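Please look over the model below.

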Amino acid sequence: MELMSAKSTNGDNTKEGSMSHRHLDTTALLGALEAKKEEEGRSWRDIARELGIDHSTFTRLGRGQRPDVDTLVALSDWLGVALDTFVVGEAPRDERQETLASIATYLRADKALKPRSAQAIESVLRAAYDQLAEPDSGEPASR
């Protein structure tokens, strides 16, 4: 199967005026897939069969279309690289939210905790963080 070249050179197929500054670089993803495919001397159909995805995924990528999340994870796993490798652009940073989101992610993934227990710990941590975190001005939070 022959691929059509991507319409976008930077993989930017976000809609005009989109809130997100980060997006999937489909051109970079397809380039990495093509390099591994050639290195292994395989066909797109063979790779698709192995990954349990539709072989037309590769043609759609060549047109700059994004795969669904499960397909993207399968492709990233096959390449042996993190998904972040193909995400480009700047995201606004809220350090407080990043900290709490990271902790919540680990709590929810902990198999020793039931979902309600993870949520309870997260609530306690959020309350403590809100009470103890330093405000942006550098002055201590009121205690």
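A salt bridge is a side-chain nitrogen of Lys or Arg within 4 Å of a carboxyl oxygen of Asp or Glu. Side chains of opposite charge can pair when their charged atoms come close. Keep in mind that this is a predicted model.

**Salt bridges**

Start with Arg108 and Glu122. Their closest N and O atoms are 2.8 Å apart, and the two residues form a salt bridge. This pair links distant parts of the chain. Arg108 sits in helix H5 (residues 95-109) and Glu122 in helix H6 (residues 115-132), 14 residues apart. Arg108 is exposed, at 56% relative accessible area. Glu122 counts as buried, with a relative accessibility of 11%.

How many salt bridges does a search of the whole structure find? The search finds eight. Three of them are listed here.

| Salt bridge | N to O distance |
|---|---|
| Glu50 and Arg42 | 2.4 Å |
| Arg49 and Asp46 | 3.8 Å |
| Arg108 and Glu122 | 2.8 Å |

Take Arg49 and Asp46 next. Both belong to helix H2, three residues apart, so about one helical turn separates them. Arg49 is exposed, with a relative accessible area of 60%. Asp46 is partly exposed, at 27%. Glu50, the partner of Arg42, is also partly exposed, at 45%.

Some salt bridges share partners. In this way Lys36, Glu40, Arg42, Asp46, Arg49 and Glu50 are joined into one network.

**Helices H5 and H6**

Now return to the two helices that hold Arg108 and Glu122. How do H5 and H6 pack, and at what angle? The angle is about 160 degrees, and the axes lie 9 Å apart. Angles over 145 degrees count as roughly antiparallel. H5 is therefore roughly antiparallel to H6. The crossing of H5 past H6 is right-handed.

Which residues make the contact? On the H5 side they are Arg96, Gln97, Thr99, Leu100, Ile103, Ala104, Leu107 and Arg108. On the H6 side they are Ala118, Ile121, Glu122, Leu125, Arg126, Tyr129 and Asp130.

**The nonpolar core**

The largest nonpolar core has 16 residues. Which of them touch the most other members? They are Leu29, Leu33, Phe58 and Leu75.

Technical notes. Residues numbered from 1 in each chain as written. Predicted model: local features only at pLDDT ≥ 70, side-chain atom pairs only at ≥ 80, totals over all residues. Heavy atoms only, no water. Core = buried A, V, L, I, M, F, W, Y, C linked by side-chain atoms within 4.5 Å. Buried < 20%, exposed > 50% of the residue type's maximum accessible area, 1.4 Å probe, protein only. Helix = DSSP H or I, 4+ residues; strand = E, 2+ residues; numbered from the N terminus. Axes fitted to C-alpha atoms, helices over the stretch in contact; angles between N-to-C directions. Parallel < 35°, antiparallel > 145°, perpendicular 65-115°, else oblique. Left-handed = near helix turned anticlockwise from the far one by under 90°. Contact = heavy atoms within 4.5 Å.
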